[in-house]
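Grab a pencil and have the viewer ready.

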Amino acid sequence: MAKQVPMLAGIVVSIVASVGAPRAFSEQQPVEHHVVPLKILSKLPTDKRVERVAGDPAIVGAPFVIRIHAEAGYVIMPHTHQVDENIVVVKGTWAFGMGAHFNRETLEPMEVGAYAFAPKDMAHFAFSKTATIIQVHGIGPFATHWLVPMYEISDQGVVLKVAAGDPGRPVSDTPEGCFLLKLGTRVRARDGEGVVVGAQCTPGQLTQYRVEKSDGELFWAQRDELTTL
């Protein structure tokens, strides 16, 4: 029996060592933590309004958190994602709808704190009633693909985009009726008066104009919501 004591002591030492090892490892390499304050982004191009909060949405199988900043009146046209999308409103008033065509009547209003879920590959759309920030989380890779390619005009010319964040392909012709108002046109809408500084057109559905007010504030409106001055 006395000969078994060293063996038993060795087992005890091994157990203690194995239990203590994770603790020692965790003490050496603490889990990273951080706080990301809510930021207000303004006067940014429409393809630069996504803020990375945590992780990288481009990495396959990795969790991510992003915030999307949208100006008042902006319509997010029907699109899909290749992964599930979890949405929480953190600033402003938003609205969410499902389907392949934008339809105001089917929008569900969302105030701060409201949550929405969009399954992967399912078409959905949204509307930013006010200047809005939504926080999106999920498992990458995350990208937004328009169901119908979108024409966008700015002082750099007209480009055709197939996805959000796509720099676009320059084009010389646009579908008839896309851009009835030219850049620089002075207009009035519910959100105020200003100058047209950009526009987006989804052929056969709608064109929305980006308007800058004299104080620099930006908002969006459709042609029938604008009065030229």
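This is a predicted model: local features need pLDDT of at least 70, side-chain atom pairs count only at pLDDT 80 or more; totals for chains, interfaces and linings use all residues.

**Exercise 1.** What is the torsion about the S-S bond of Cys-178 and Cys-201, and is the disulfide left-handed or right-handed?

Residues are numbered from 1 along each chain as its sequence is written, and side-chain values use heavy atoms, leaving out hydrogens and water.

*Solution.* Step one: find the bond. A disulfide (a pair of cysteine sulfur atoms within 2.5 Å) joins Cys-178 to Cys-201, with 1.9 Å from S to S. Step two: read the torsion. It is about -70° for Cys-178 and Cys-201, so the disulfide is left-handed. Cys-178 lies in the loop between β12 (169–170) and β13 (186–189) and Cys-201 in strand β14 (residues 192–202), so the pair ties together parts 23 residues apart in sequence. Strands here are DSSP runs (E, at least two residues), numbered from the N terminus.

**Exercise 2.** Work out how the rings of Phe-64 and Phe-142 are arranged.

*Solution.* Start with the rule: rings of Phe, Tyr and Trp (its six-membered ring) pair if their centres lie within 6.5 Å; planes under 30 degrees apart are stacked, over 60 edge-to-face, and the rest tilted. That rule gives four aromatic pairs. For Phe-64 and Phe-142, the centres are 5.2 Å apart and the planes stand at 40°, so this pair is tilted. Finally, check burial (under 20% relative accessible area is buried, over 50% exposed, in between partly exposed, using a 1.4 Å probe and protein chains only). Phe-64 comes out at 2%, so it's buried, and Phe-142 is buried with 13%.

**Exercise 3.** Which side chain of opposite charge is nearest to Arg-67?

*Solution.* First, locate Arg-67: it's in strand β2. Next, sort the charges (Lys and Arg positive, Asp and Glu negative; His and the chain ends not counted). The nearest opposite one is Glu-51, 4.1 Å away, and the buried Arg-67 has no salt bridge (a side-chain nitrogen of Lys or Arg within 4 Å of a carboxyl oxygen of Asp or Glu).

Definitions and conventions. Helices (H or I, at least four residues) and strands (E, at least two) are DSSP runs, numbered from the N terminus.
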